[in-house]
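Work through these exercises with the structure open beside you. Try each task before you read its solution.

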Protein chains: 6
Amino acid sequence: MSQNPQQQPRYSGIATFMRCSYKPSLEDVDIALIGVPFDGGVTNRTGTRHGPREVRNQSSFMRTINQETGTAPFELCRVADVGDALPESPFELTQSHNSIQKFFERVLACGALPIAAGGDHSITLPILRALAKDGPVALVHLDAHCDTGDDYLGSKFHHGSPFKIAVEEGLIDPRKTIQIGIRGTVNTSDIWSFSHESGMRVIYMEEFYQLGITGVLDEIKLLVGEAPVYVTFDVDCLDPAFAPGTGTPEIGGMTSYDALQVIRGLSGLNIIGADVVEVSPPFDPTGVTALVGATIMFELLCIAAESKHRKDRATGG
Amino acid sequence: MSQNPQQQPRYSGIATFMRCSYKPSLEDVDIALIGVPFDGGVTNRTGTRHGPREVRNQSSFMRTINQETGTAPFELCRVADVGDALPESPFELTQSHNSIQKFFERVLACGALPIAAGGDHSITLPILRALAKDGPVALVHLDAHCDTGDDYLGSKFHHGSPFKIAVEEGLIDPRKTIQIGIRGTVNTSDIWSFSHESGMRVIYMEEFYQLGITGVLDEIKLLVGEAPVYVTFDVDCLDPAFAPGTGTPEIGGMTSYDALQVIRGLSGLNIIGADVVEVSPPFDPTGVTALVGATIMFELLCIAAESKHRKDRATGG
Amino acid sequence: MSQNPQQQPRYSGIATFMRCSYKPSLEDVDIALIGVPFDGGVTNRTGTRHGPREVRNQSSFMRTINQETGTAPFELCRVADVGDALPESPFELTQSHNSIQKFFERVLACGALPIAAGGDHSITLPILRALAKDGPVALVHLDAHCDTGDDYLGSKFHHGSPFKIAVEEGLIDPRKTIQIGIRGTVNTSDIWSFSHESGMRVIYMEEFYQLGITGVLDEIKLLVGEAPVYVTFDVDCLDPAFAPGTGTPEIGGMTSYDALQVIRGLSGLNIIGADVVEVSPPFDPTGVTALVGATIMFELLCIAAESKHRKDRATGG
Amino acid sequence: MSQNPQQQPRYSGIATFMRCSYKPSLEDVDIALIGVPFDGGVTNRTGTRHGPREVRNQSSFMRTINQETGTAPFELCRVADVGDALPESPFELTQSHNSIQKFFERVLACGALPIAAGGDHSITLPILRALAKDGPVALVHLDAHCDTGDDYLGSKFHHGSPFKIAVEEGLIDPRKTIQIGIRGTVNTSDIWSFSHESGMRVIYMEEFYQLGITGVLDEIKLLVGEAPVYVTFDVDCLDPAFAPGTGTPEIGGMTSYDALQVIRGLSGLNIIGADVVEVSPPFDPTGVTALVGATIMFELLCIAAESKHRKDRATGG
Amino acid sequence: MSQNPQQQPRYSGIATFMRCSYKPSLEDVDIALIGVPFDGGVTNRTGTRHGPREVRNQSSFMRTINQETGTAPFELCRVADVGDALPESPFELTQSHNSIQKFFERVLACGALPIAAGGDHSITLPILRALAKDGPVALVHLDAHCDTGDDYLGSKFHHGSPFKIAVEEGLIDPRKTIQIGIRGTVNTSDIWSFSHESGMRVIYMEEFYQLGITGVLDEIKLLVGEAPVYVTFDVDCLDPAFAPGTGTPEIGGMTSYDALQVIRGLSGLNIIGADVVEVSPPFDPTGVTALVGATIMFELLCIAAESKHRKDRATGG
Amino acid sequence: MSQNPQQQPRYSGIATFMRCSYKPSLEDVDIALIGVPFDGGVTNRTGTRHGPREVRNQSSFMRTINQETGTAPFELCRVADVGDALPESPFELTQSHNSIQKFFERVLACGALPIAAGGDHSITLPILRALAKDGPVALVHLDAHCDTGDDYLGSKFHHGSPFKIAVEEGLIDPRKTIQIGIRGTVNTSDIWSFSHESGMRVIYMEEFYQLGITGVLDEIKLLVGEAPVYVTFDVDCLDPAFAPGTGTPEIGGMTSYDALQVIRGLSGLNIIGADVVEVSPPFDPTGVTALVGATIMFELLCIAAESKHRKDRATGG
């Protein structure tokens with residue numbers, strides 16, 4: 001029998017992301033798949049700390065080639081599961097973010113492109129801190145919420161605010177930031193005013209269906225252009241029928257098919273990193289949310305591998 | 001910390017509808033949110049008696065403002081959870097309906113507009129008996145079933161017949177009644193003949209998608225006009241992917257997004273009451289159906305609050 | 001009370017398919033509903049051996065008439081649950097297939113048209129062996145996977161290969177075979193090359209939405225024409241939101257509404273048999289997948305009853 | 001392969017009680033296994049109407065011989081699943097009880113000993129009405145509740161009162177009635193005073209463990225002696241760890257092992273009928289409660305078959 | 001119908017603890033039932049923040065009188081649900097504990113005896129800080145873990161250390177502290193050395209069964225005597241068969257029956273407060289753990305009401 | 001932060017058995033923890049192929065020291081997760097067993113003691129074939145079934161027969177074999193006659209409680225003495241309340257506490273290998289069965305590590 005875990009029965013063996021080799025050493029890694037089991041920033045239901053484990057588990061359903069696009073990420077790049085970015089002091093948000101940031105700095109120092117599985121959405125902040133050392137990056141953000149809110153219950157850093165802070169710290173360029181899938185109730189009518197005032201493009205669900213996938217993709221490409229771009233995928237952008245296992249579900253979201261079309265349409269962008277967040281296994285009895293998370297992670301891997309491969313070839317890498 | 005429950009963590013506190021004040025006294029209430037935990041009228045799976053509790057629980061996910069429409073119902077009206085309309089003798093259908101009717105009569109006597117969470121669909125009958133004292137009202141009815149059937153297993157009053165009886169008793173005007181989302185198998189080819197013969201507008205799922213939301217809304221507005229209208233939402237109008245926890249699921253239904261668009265499109269009508277029925281927690285392990293129920297209840301609250309506010313202002317109320 | 005089980009409360013009585021009479025003798029049966037509780041051919045998650053039981057259980061939700069199309073299958077034909085095609089030696093794939101084949105041969109010898117509930121997709125092979133005695137038949141195949149793969153883990157016969165073998169054995173005509181709903185990751189870029197090279201029409205999910213239901217149905221009718229046709233429905237053609245309980249879920253699939261439209265559109269074809277496969281109850285906590293399976297089985301029964309009735313009348317049968 | 005369903009794979013075939021033949025005709029039946037899918041008498045959680053279906057389903061786990069006692073019930077007697085005692089008008093308690101009574105009268109008229117699976121505990125009342133035509137019988141009653149309460153919410157007939165009414169109607173002899181496993185909270189300190197004042201022997205859980213199984217069995221035998229005895233088993237006599245799927249769970253109950261020992265210890269009594277009630281599948285996600293119900297039903301079958309066999313032989317039957 | 005919620009159907013109405021009146025004002029309250037929805041101190045699985053809601057929900061199963069002991073707590077004392085002790089800044093452990101402490105200080109200032117439902121076990125520390133103003137109190141502690149550990153992951157305050165800190169702060173008297181049910185694996189052999197060295201009595205599960213309930217109760221009474229005593233019940237003292245929904249389950253625990261016997265045996269002690277902690281609804285699909293939590297809370301209420309009643313009468317209160 | 005996975009948060013990182021290092025190379029391993037994800041031998045419900053994954057997942061709950069016995073297995077021996085013994089051709093039982101056997105032969109050749117997690121019980125046969133090269137070994141077998149049955153459905157090798165074959169092949173000495181926990185129904189009264197006639201000691205559940213743990217342990221020690229002994233633990237020896245997630249549950253089984261006492265009592269025996277089998281995650285929604293499996297595996301590790309350590313020290317290893 002082949003010793004390649006990806007060729008063995010999918011229920012077998014150690015559950016790494018997509019049955020890749022486990023390389024905590026980071027050696028010979030082009031793309032690093034990383035778990036970030038931290039949910040200290042949630043405002044309601046917890047549980048996303050268990051996300052990386054279950055995304056790893058369900059990611060065994062992934063095979064090696066993207067049938068729709070033809071991309072074979074494991075041939076384009078050396079992909080590995082490099083383990084978890086663990087918070088040093090999980091009871092304290094700021095320090096936790098610092099340790100996550102350091103982990104990603106180490107990954108980047110090794111030349112690897114990071115793709116993360118959360119964890120709550122607050123983790124994207126320390127990842128961006130590690131990534132945007134040379135100036136603000138573009139952001140493609142699928143979510144039911146803009147996550148550009150103010151302080152909540154006395155804390156500035158939580159899973160509803162990372163992108164406000166990211167702008168304030170110069171990590172993302174709001175004019176190259178697009179937020180897609182926004183919907184649901186709010187507590188103040190101007191809760192996302194930061195998004196609007198800073199110049200982000202916000203596509204609410206109604207507009208999403210009015211524009212259609214092609215229209216949305218056109219806007220993304222226009223906005224992002226050649227800029228280095230980070231893609232962050234909150235599973236609550238999907239309707240709870242497709243992703244019930246998340247902390248803040250909002251009905252009326254997009255379908256899995258919609259989401260796949262958007263991610264695939266990002267092919268050609270200059271991807272520098274990506275994440276899938278807010279998969280919450282305790283609220284996901286069938287595992288279907290973790291499966292969605294794993295599949296989206298695979299799609300992100302495909303567009304990232306293409307991008308990485310293009311750049312490495314261009315630079316003779 | 002704010003003493004307003006709607007500003008506190010959503011997992012905390014007593015679970016009232018949308019974390020409103022609990023006012024069984026009915027004092028100072030413009031809109032009364034009411035549980036009707038009765039399922040004595042079901043023909044197959046029971047469990048909707050547990051609906052109000054779980055809709056209350058999941059309704060903590062609701063915030064105070066409708067992001068899409070901008071409506072702020074709690075600013076327009078004084079909204080309260082006024083408790084449950086309890087059947088006096090839950091083992092007997094007719095008496096149970098009588099006690100439900102009395103509860104709603106008391107609510108109306110206090111000048112409050114009622115929005116109910118069931119319970120099975122038979123509860124809409126006693127609600128209409130309380131509401132339609134001045135002649136038949138219009139009805140917007142989302143459902144997989146017309147619920148205008150004949151006697152079943154020896155009983156006239158069950159959850160498959162309330163709207164036939166409502167016409168017969170002069171509670172609703174069939175020519176101002178529209179039934180949307182009908183589908184599934186039937187036991188006699190003319191089971192809904194009462195709907196057709198009495199002049200109701202029946203939109204089956206196929207026609208629903210052919211007309212599109214705009215087309216459906218045009219028909220509703222044409223039919224209902226300025227008439228006082230009751231809106232009744234059976235969660236089984238949704239596909240079981242979106243609302244598995246119900247007594248009589250039928251595949252091939254609408255999405256949550258479709259349903260939201262329909263309800264929001266009713267803005268401007270002269271709403272006099274509304275309900276969400278057939279949420280059955282024992283068949284809803286993820287709670288997603290109760291969440292849908294709670295969100296639809298919030299959307300109904302928004303259009304009802306606008307309507308109530310308009311009228312109260314017009315009458316100097 | 002009526003002695004007809006289909007008129008009794010749906011939670012009551014022995015669970016046969018659609019509450020039909022149980023006739024293991026096969027006497028006076030025009031259409032035979034058959035369970036095939038075999039999952040010895042799966043490559044990943046098992047459990048479809050429990051499919052027939054749960055499809056029977058959920059099929060009590062079915063009533064007797066198709067509201068959309070008006071078809072009354074139990075009036076057109078004598079329909080019965082004839083029991084299970086049991087593998088004689090469930091630990092051995094080839095012998096199991098032989099016993100399944102024999103069961104269907106006996107059904108056909110009695111003049112009955114078979115509609116089966118699996119089991120894994122490998123069961124369609126022995127069914128076709130029984131059916132295609134007079135030459136290759138046409139095939140309408142809804143699935144996420146073409147199931148025309150090569151050997152897997154040392155075995156030629158598994159649930160990912162039946163249609164390759166069926167072509168090789170002359171059971172189906174590849175130029176009259178259409179595969180609909182294909183998507184997901186693959187392990188080799190040419191995994192379904194057999195489908196393409198043998199002349200099958202493969203409609204991937206993207207093309208499915210580009211063509212629309214009408215376009216897809218046009219292609220089916222053009223391809224199949226008057227040929228005797230078998231319809232095989234793998235529930236994983238649906239998105240896991242609609243059918244989570246299956247062995248190899250792939251996100252991005254069609255909705256239940258889409259599937260209903262396709263099956264109903266097959267009306268008029270010369271149907272000689274059909275199946276619903278890959279319902280896996282252990283992964284289906286809400287039973288919604290078994291309900292989908294039962295409803296699709298009812299829709300298949302409707303088009304098959306029409307076809308059988310037409311032919312029997314034509315031949316004076 | 002053997003045509004005996006009890007020899008075939010346990011996941012296969014039509015789900016009858018213990019895979020017995022289905023004989024609604026009642027011909028050639030010594031012991032009739034009967035479903036009573038009625039839960040119109042519950043005071044809190046519904047769902048036991050689904051009990052017979054799931055007990056049938058899980059009863060496929062049963063094999064043919066009691067390993068501990070050596071009893072082979074299917075050799076001693078002709079055992080059949082005779083279908084469900086259906087309430088004619090499920091919305092009305094009294095009429096429902098009447099139709100259940102008639103069903104059991106028909107069973108008894110055929111000379112068969114009935115063993116029922118409920119349904120809620122109110123069903124034991126009409127069964128006793130059918131059985132106790134010749135004077136009051138003895139009763140062995142395992143339960144968390146005495147079920148000898150007064151009217152509840154305006155109804156005399158509900159699942160908390162059957163044994164009070166049974167005494168009043170002369171169906172059971174209270175001095176030959178023993179109630180075992182009683183515990184939990186009560187709403188009035190004298191709620192079970194009828195049990196005590198009428199002369200029933202009530203064994204609360206604490207006394208149950210003080211006496212031990214042997215002590216309990218000694219008391220039963222002393223009380224019951226040679227009298228014809230009915231055994232009624234409410235699964236809530238078990239701790240919810242062993243039987244979570246029931247309407248009124250009370251912690252601190254007996255174990256499955258305890259219950260098996262009690263039932264087996266009844267061997268030798270003059271059993272005239274028995275039931276297992278209050279299995280509620282909607283609250284039983286693992287099916288373990290239905291499995292307990294099916295196993296207890298098998299144990300009741302064993303002691304009943306011995307008793308029936310003894311009597312039939314004695315009378316030359 | 002009675003307006004007393006405790007006399008109404010148990011599935012109805014607002015879910016307060018044991019269907020008591022909701023009195024956030026704390027007026028006229030002898031015993032305050034309090035939710036503490038805080039789980040910021042957990043070291044592994046989160047979710048106990050949802051505990052108070054679900055314990056409230058399941059506590060509707062409670063009736064008003066303890067059948068075994070005859071205690072009628074609602075007659076002895078005025079009992080109310082006074083709402084939740086909410087952490088002001090849920091992202092920060094120390095401040096959260098401070099706000100919990102303040103809430104309990106306010107309760108005590110009103111003369112009410114507090115009974116809390118957690119939340120994780122770290123909440124007992126701020127409760128004790130509020131209670132032990134006049135010197136260390138005695139502690140009866142049922143748990144799988146001693147919770148007297150050292151710092152964990154850089155934090156001193158977590159749910160594995162409260163009782164070490166409580167001794168250090170002079171809140172509990174270790175020689176009047178008894179820990180019951182300890183078991184499971186440990187990471188350092190001297191993890192609970194603080195318990196042993198400070199003089200606590202630690203009863204491991206093996207000794208628990210060797211002593212028997214009577215022996216355990218004798219030790220408790222000997223140790224505690226007349227001292228004011230706090231009772232803290234971690235549901236993980238139970239075997240996961242009885243309480244699966246908890247953060248740190250350890251197999252081999254006691255049964256619900258054992259636990260009931262221990263709590264009832266505390267009758268007569270000078271109870272000054274009590275809690276039930278670590279009920280984690282996301283890991284409790286059947287709700288059975290919340291039911292256990294609610295029932296234990298009722299039993300704690302009974303012994304506390306007796307104690308409070310005795311003292312109030314003694315002091316002419 | 002410590003780099004030792006066993007010191008990190010238990011929800012984090014790659015899920016290996018007990019968070020040990022993953023060493024597929026088998027280098028420097030004294031005790032090899034092995035998954036055997038094979039369920040091709042089951043006669044009813046499948047799913048144990050998913051057992052190793054979930055036991056690995058839940059085994060993160062394990063810490064490093066056995067509190068009750070003081071054993072610190074990771075200090076006594078070098079313990080590693082060496083991956084899965086994968087069947088080469090999972091569709092064919094005999095070849096699958098051969099590949100499992102080869103895997104264990106390689107483990108033994110490296111000098112490691114194997115502890116396996118199944119998989120169905122048929123896997124113990126190839127393990128014993130690898131282990132018993134020098135003559136029959138003793139066997140301690142906890143199970144609800146003797147698993148010494150005859151051919152089933154045409155196959156000799158299935159999960160109900162391994163120990164009959166093991167005797168026939170001279171792998172185990174029946175006079176040094178003890179089977180504990182046997183119960184449930186059977187299809188032939190002499191199904192386990194092979195156990196009795198070959199001289200095995202069979203302890204049925206009733207005798208288990210009559211003897212008590214001490215009595216059972218005395219018998220085991222008397223029988224096994226100094227002989228090399230294999231311990232096989234089928235989780236269905238436990239009552240389904242403690243281990244619902246298994247293929248063939250039988251009510252009336254032992255508790256987790258009982259099982260822990262038996263395993264701990266084996267300390268001092270000459271352990272040469274052990275396994276835990278029949279954990280079936282698809283039937284285990286709370287994960288409690290996998291937790292039991294993981295804990296028993298830890299206890300087996302403790303007694304095996306003591307034994308291995310003693311022997312290695314004796315031989316200067």
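This is a predicted model: local features need pLDDT of at least 70, side-chain atom pairs count only at pLDDT 80 or more; totals for chains, interfaces and linings use all residues.

**Exercise 1. The listed binding site**

Solution. 
- Step 1. Read the record. An unreviewed UniProt entry lists A:His121, A:Asp143, A:His145, A:Asp147 and A:Asp236 under "binding site".
- Step 2. Compare sequence with space. These residues span 116 residues in sequence, but no two of their C-alpha atoms are more than 12.0 Å apart, so they gather at one spot.
- Step 3. Judge its burial. The cut-off for buried is 20 or more other C-beta atoms within 10 Å. A:His121 has 29 C-beta neighbours inside 10 Å, so it counts as buried.
- Step 4. Do likewise for A:Asp147. Its loop runs between strand S5 (137-142) and helix H5 (162-168) of chain A. With 28 C-beta neighbours inside 10 Å, A:Asp147 counts as buried.

**Exercise 2. The sheet of chain A**

Task: What is the strand order of the open sheet in chain A, and which strands stand at the edges?

Solution. 
- Step 1. Recall the general rule. Strands of a sheet pair through backbone hydrogen bonds, either parallel or antiparallel.
- Step 2. Write down the order. Eight strands of chain A run S3-S1-S4-S10-S9-S5-S6-S8, with parallel pairing, in an open sheet.
- Step 3. Find the edges. Strand S3 (79-84) and strand S8 (201-204) of chain A each have a single partner strand, so one side of each has no neighbour in the sheet.
- Step 4. Check one pair. Strand S1 (residues 31-36) of chain A runs parallel to S3(A), and four bridges join them. In S3(A), A:Ala80 is the bridge partner of A:Ala32.
- Step 5. Helix H7 (residues 205-224) of chain A lies across S5, S6, S8 and S9 of chain A. H7 of chain A runs at about 155 degrees to S6(A).

**Exercise 3. Backbone exceptions**

Task: Which peptide bond of chain B is cis, and what is the phi of B:Leu26?

Solution. 
- Step 1. Most residues other than glycine have a negative phi, and most peptide bonds are trans.
- Step 2. Find the bond. The peptide bond from B:Gly118 to B:Gly119 is cis, with omega near 10 degrees. B:Gly119 lies in the loop between strand S4 (113-118) and helix H4 (124-131) of chain B.
- Step 3. Look at chain F. A cis bond joins F:Gly118 and F:Gly119, with omega about 5 degrees.
- Step 4. Read phi. B:Leu26 is not a glycine, but its phi is positive, about 70 degrees.
- Step 5. Locate B:Leu26. This residue belongs to the segment before strand S1 (31-36) of chain B.
- Step 6. Turn to F:Leu26. Its phi is positive too, near 70 degrees.

**Exercise 4. Two packed helices**

Task: At what angle do helix H8 and helix H9 of chain B pack, and which residues make the contact?

Solution. 
- Step 1. Get the geometry. H8 (residues 256-265) and H9 (residues 288-314) of chain B pack at about 15 degrees, with axes 9 Å apart.
- Step 2. Classify the angle. Angles under 35 degrees count as roughly parallel, so H8(B) is roughly parallel to H9(B).
- Step 3. The crossing of H8(B) and H9(B) is right-handed.
- Step 4. Name the residues. From H8(B), they include B:Leu260 and B:Ile263. From H9(B), they include B:Ile296 and B:Leu300.

Conventions
Residues are numbered from 1 along each chain as its sequence is written. Chains are lettered from A and ligands numbered from 1 in the order in which they are written. UniProt positions are given in the numbering used here, feature names are shortened, and annotations may be inferred rather than shown by experiment. A residue is buried if 20 or more other C-beta atoms lie within 10 Å of its own, exposed if 12 or fewer, and partly exposed in between; C-beta atoms are placed from the backbone. Two strands pair if DSSP finds at least two bridges between them. Two residues are in contact if their C-beta atoms, placed from the backbone, lie within 7 Å. Axes are lines fitted to C-alpha atoms, for helices over the stretch in contact, and angles run from 0 to 180 degrees between N-to-C directions. Angles under 35 degrees count as roughly parallel, over 145 as roughly antiparallel, 65 to 115 as roughly perpendicular and the rest as oblique. A crossing is left-handed if the near helix is turned anticlockwise from the far one by less than a right angle, and right-handed if clockwise.
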